Protein chains: 2
Amino acid sequence: MTPSPATGPTLPAVSDAELLRLDHQVCFSLHAASRAFGGVYRDALKDLGLTYPQYLAMLVLWEHGPQPVKAIGEQLRLDSGTLSPLLKRLETAGLVRRERSAADERSVTVRLTEAGEEMRERALPVPRKILAATGLSVEEVLGLQGLLGRLTSALDEAQGQSGASPEPVRG
Amino acid sequence: MTPSPATGPTLPAVSDAELLRLDHQVCFSLHAASRAFGGVYRDALKDLGLTYPQYLAMLVLWEHGPQPVKAIGEQLRLDSGTLSPLLKRLETAGLVRRERSAADERSVTVRLTEAGEEMRERALPVPRKILAATGLSVEEVLGLQGLLGRLTSALDEAQGQSGASPEPVRG
DNA sequence: CCCGATTAAGTTGCGCACAACTTAATCGTG
DNA sequence: CACGATTAAGTTGTGCGCAACTTAATCGGG
């Protein structure tokens, strides 16, 4: 209800100070939800000895089979700086093998081992545990997924059009 | 539509394999949304020289004034292992001071400096940038916030009741 | 009053995320 | 064919998140 100083480009009906308070709530909510999810996955994945991002990588391999690091990175939106050490750890654990492609020596194909394939069976009950932990119905989850998808697209779209300035706070 | 083997405790109408595929989508969606948000905040906060979690800590201090590390941690759900170095960086940057409480020598009170207080003015336009980047209305944001809040509560509730097993995959 | 339990903050170690960079292979155009 | 541009993967450095641990102060029961 409070009139705005009309600073922003999108919405006129909320003041900056109110938005700052709202932001406190919203960005924190997302941050907290993401970490709460992480905690539940940590529990659910203890049996498999996987971290959450490692599980994501295994999901991609279970679903789409052997593929280059690049392709995994595109599906998970992760770059080689994150994926290379992660995949190396999965290889050390005996779950995947990595081999240079013959056709293109720059590319490395990641492939599940026997143990990696077998782990899929043990991973089957994980999603149900997670779903139960959310307390949401499948329909609500699908709705959330849709909203998050639109959100991510919009955020990606909006990225990289601001002015640069000082360095982040370092110790 | 496919009938389920009726394994899980909550929902009967979806098979484990379908859930594994769904999980691929959902947990990835949340992960991706969280990181996309991080990217947009990174842009918006460049001017201030703050990271996203540093911004969260500043929001708490702007809104609620000087308080012990413990209290900040409760609001952000972060422990001292994360907060101590983060606050130390904010102190190095001249934004906060940390001083032992006289009443309880175990406690450390975190307090904004002049520079820290002044930064609030420069932070006012940030939330509007974020809101614009989401492409959502204030109402939708509030709805999302509510859903995420319920989700986080449920996830926290559900945490810590599973069986332990091997170590995570280490290199 | 004393001593074990609890509590606040900090430290260490590991994995993830990301920016910036390096290395090596492939592509494309003259 | 030659050579600069592009591309895939990996490396380095910084910060966050969390578990496990340490240190020091406070609390509480005998």
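What follows is a walk through a predicted model, from a helix contact to ring pairs and then to a sheet.

Let's start in chain A. Two packed helices are described by the angle between their axes and the distance between the axes. For helix 2 (residues 52-64) of chain A and helix 4 (residues 80-92) of chain A, those values are about 80° and 11 Å. Angles from 65 to 115 degrees count as roughly perpendicular, so that is the label for helix 2 and helix 4 of chain A. Who actually touches whom? On the helix 2 side you'll find A:Pro53, A:Gln54, A:Ala57 and A:Met58, and they meet A:Leu86, A:Arg89 and A:Leu90 of helix 4 in chain A.

Over all chains, the count is 6 aromatic pairs. Take A:Tyr41 and A:Tyr52: their ring centres are 4.5 Å apart and their planes sit at 20°, and since planes under 30 degrees apart count as stacked, this pair gets that label. A:Tyr41 belongs to helix 1 (residues 16-45) of chain A and A:Tyr52 to helix 2 of chain A, so the pair ties together parts 11 residues apart in sequence. Both A:Tyr41 and A:Tyr52 are buried.

Now hop over to chain B, where B:Phe37 and B:Tyr41 make a stacked pair, because their planes are at 25°, with the ring centres 5.9 Å apart. This pair stays inside one helix: B:Phe37 and B:Tyr41 both lie in helix 1 (residues 16-45) of chain B, 4 residues apart, or about one turn. Are these residues buried or exposed? B:Phe37 counts as buried at 4% relative accessibility, and B:Tyr41 is buried too, at 0%.

Still in chain B, there's a sheet to look at. Its 3 strands form an open sheet in the order 1-3-2, with antiparallel pairing. Strand 1 (67-68) and strand 2 (96-100) of chain B are at the edges with a single partner strand each, so one side of each has no neighbour in the sheet. Strand 2 of chain B is joined to strand 3 (residues 108-112) of chain B by 5 bridges. For a landmark, look for B:Glu99, which stands opposite B:Thr109 in strand 3 of chain B. Finally, helix 4 (residues 80-92) of chain B lies across strands 2 and 3 of chain B, running at about 120° to strand 2 of chain B.

Conventions. Residues numbered from 1 in each chain as written. Chains lettered and ligands numbered in written order. Predicted model: local features only at pLDDT ≥ 70, side-chain atom pairs only at ≥ 80, totals over all residues. Heavy atoms only, no water. Axes fitted to C-alpha atoms, helices over the stretch in contact; angles between N-to-C directions. Helix = DSSP H or I, 4+ residues; strand = E, 2+ residues; numbered from the N terminus. Parallel < 35°, antiparallel > 145°, perpendicular 65-115°, else oblique. Contact = heavy atoms within 4.5 Å. Phe/Tyr/Trp six-rings, centres within 6.5 Å; stacked < 30°, edge-to-face > 60°. Buried < 20%, exposed > 50% of the residue type's maximum accessible area, 1.4 Å probe, protein only. Pairing = 2+ DSSP bridges.
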